[in-house]
Amino acid sequence: MTTFTVINFTLLTILTVTALVIARLRALYEAAMLTALSSLVTASLFVLMDAVDVAFTEAAVGVGISTVLLLGVLALTRSREAVTPRHRHLPAIAVTALTGGLLVYAAQDLPAFGSADSPVQRHPVTEVYLHQSQKEIGVPNTVTAVLASYRALDTLGELVVVFAAGTAVLLLLGPLTHGKRRQNLDLMEYKVLRVVSSLLMPFVLVFALYVLFHGDFGPGGGFQAGVIFATGFVLHGLVFGLDKSQRVLPPAALGSLVPLGLGLFVGLGVVTMLLGGSFLDYGTLLPTGGPAAQHLGILTVEVAIGITVAAVMTSIFFAFAGRRPTR
Amino acid sequence: MILLEILSAVLLAAGTLFIVSGAVGLLRFPDFYTRIHATGITDSAGAGLILLGLLLRTTTWEAGVRLLIILLFLVVTGPTATHLLAHAARRDGVPVWRKGHPRR
Amino acid sequence: MSGTHYVYWLLFALMMIGLYVVISHGNLLKKMIGLTLFQVSVFLFFISLGKVEDGSAPIISPEVETYSHPLPQVLILTAIVVGVATLAVGLALAVRIFEAYGTVEEQDMQERDEDRHGAAS
């Protein structure tokens, strides 16, 4: 029993128990808050399993954005769940017991947790990503190197999904418009909160920029920075009201930022093709090639990701917050 | 050097003590206002002391600056959150516990 | 099979709790929360496969020898952001359904649909 095992086991147990409580709760506000708690525990587990970049994202997304979205939707709809009829429990229990049993049976073939000679670790690509990348790309944070260079096309696909999801939300909830609307949360009377959040706002944005441009050397990158930017605007919108924060960030500008990032990403790919390389082959960007060109490409891609993610997340929040309750 | 380590260990232990007492208070106190009092201690005293203890163990100045920034952030946000919770509860008319009332 | 499989078992338990909520509960928002739990356990499962004992985060530095695998982290990093975007789509659908039916419970929706069909025929 090492310290690692004790901490790991404790956190996983807390996570499972939280999930059990969430499943039993019928008050959905409480369930949403406990979901935020489970996200925090998950982020701690990610740190424990050496995935600092992922932990970063999970903390900002799970606790910041998805909780705000859930609470906003609960304010628009009903926050109490009806009693689940008894006859629905039995099939669900049967299915989960069967699936769980199959998974546990199949897990016997999984390599031991943390073993250094599992198929994942022995695969030739490990060597490339961890050591060869230092010569080819020269970025200490290998997660950034893989995300923005080796698997850039994959990342482009993910960004398209984010873009499509943002568009779908805007289509479903109508365009972002100016105008008089009921204040969703009247936080204007909380003076302390207003002073503290206007004090923290610039630091949140500077931190997002730091995360964006420091992603080569430490944990960080476009996805994290975009989400942190968005949490900054969500905070602003919650505290100062939607009208004020849409004056800072007009919906038209936001709407044009969403495709701008994606366009920048695809445009970079086209430029590398015009320069005689293949799609997203950063080596062609500079005549000297090598790590310098890779750096340029990675930085452009990270900025593009940051713009699209931040714009999509912020406009999703605006779309939900601008909706009037229909009751 | 050994003195610094002892001092840091004392700070870390004190911080842990405050966090545990905050958790116990959260479970044991009778009403909402006394409970957020307990969590406030976890935020400011517990986390603050642990950060100070870690500050004495840093080897590079970059890590020290980061810890200081985290400390500053906690000092600003922790009390704000507690204040907000109390303010919101007061506005919603959450009753205050008096001696002899049942726990809620 | 070894002593470290508790990680997978606990993650499967979490996954099954999420699946159970999705199947058994009729409330659309509760289903979304259940889906989030399921998602989180898949993320953790992926990351746990890339972890190496006594390894450290895959940020190359001269003092460190063993690193955990960066590839699962890259996949999950993007999946988290995609996950919240798709969660938003689901929630937007739930809001529209609430506006049309006045409820987010599956049962009430079916009853209202049947009433409407009954009135039409």
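For chain A, an unreviewed UniProt entry lists residues 14–78 as "domain: MrpA C-terminal/MbhD", an annotation that, like others of its kind, may be inferred rather than shown by experiment, its name being shortened and its positions given in the numbering used here. This span is 88% helix and 0% strand, and its end C-alpha atoms lie 28 Å apart, helices being DSSP runs of H or I with at least four residues and strands runs of E with at least two, numbered from the N terminus. The model is predicted, so that local features need pLDDT of at least 70 and side-chain atom pairs count only at pLDDT 80 or more, whereas totals for chains, interfaces and linings use all residues. Side-chain values use heavy atoms, with hydrogens and water left out, residues are numbered from 1 along each chain as its sequence is written, and chains are lettered from A and ligands numbered from 1 in the order in which they are written.

Helix H2 of chain A, residues 28–48, has 21 residues and reaches 30 Å from its first C-alpha to its last, close to the 30 Å expected at 1.5 Å a residue, where the expected span is 1.5 Å times one less than the number of residues. After H2(A) comes Asp50(A), with a positive phi near 70°.

An automatic or database domain assignment divides chain A into domain 1 (1–83) and domain 2 (123–327).

The largest nonpolar core has 116 residues, of which Phe46(A), Val169(A), Phe320(A) and Leu91(C) touch the most other members. Such a core is a set of buried Ala, Val, Leu, Ile, Met, Phe, Trp, Tyr and Cys residues joined through side-chain atoms within 4.5 Å, buried meaning under 20% relative accessible area, exposed over 50% and partly exposed in between (1.4 Å probe, protein chains only). Because both domains of chain A give residues to this core, it lies between them. Leaving out residues up to four places away in sequence, Val169(A) touches Ile316(A), Ala319(A), Phe320(A), Ala88(C), Val89(C) and Ala92(C).

Conventions
Contact means heavy atoms within 4.5 Å.
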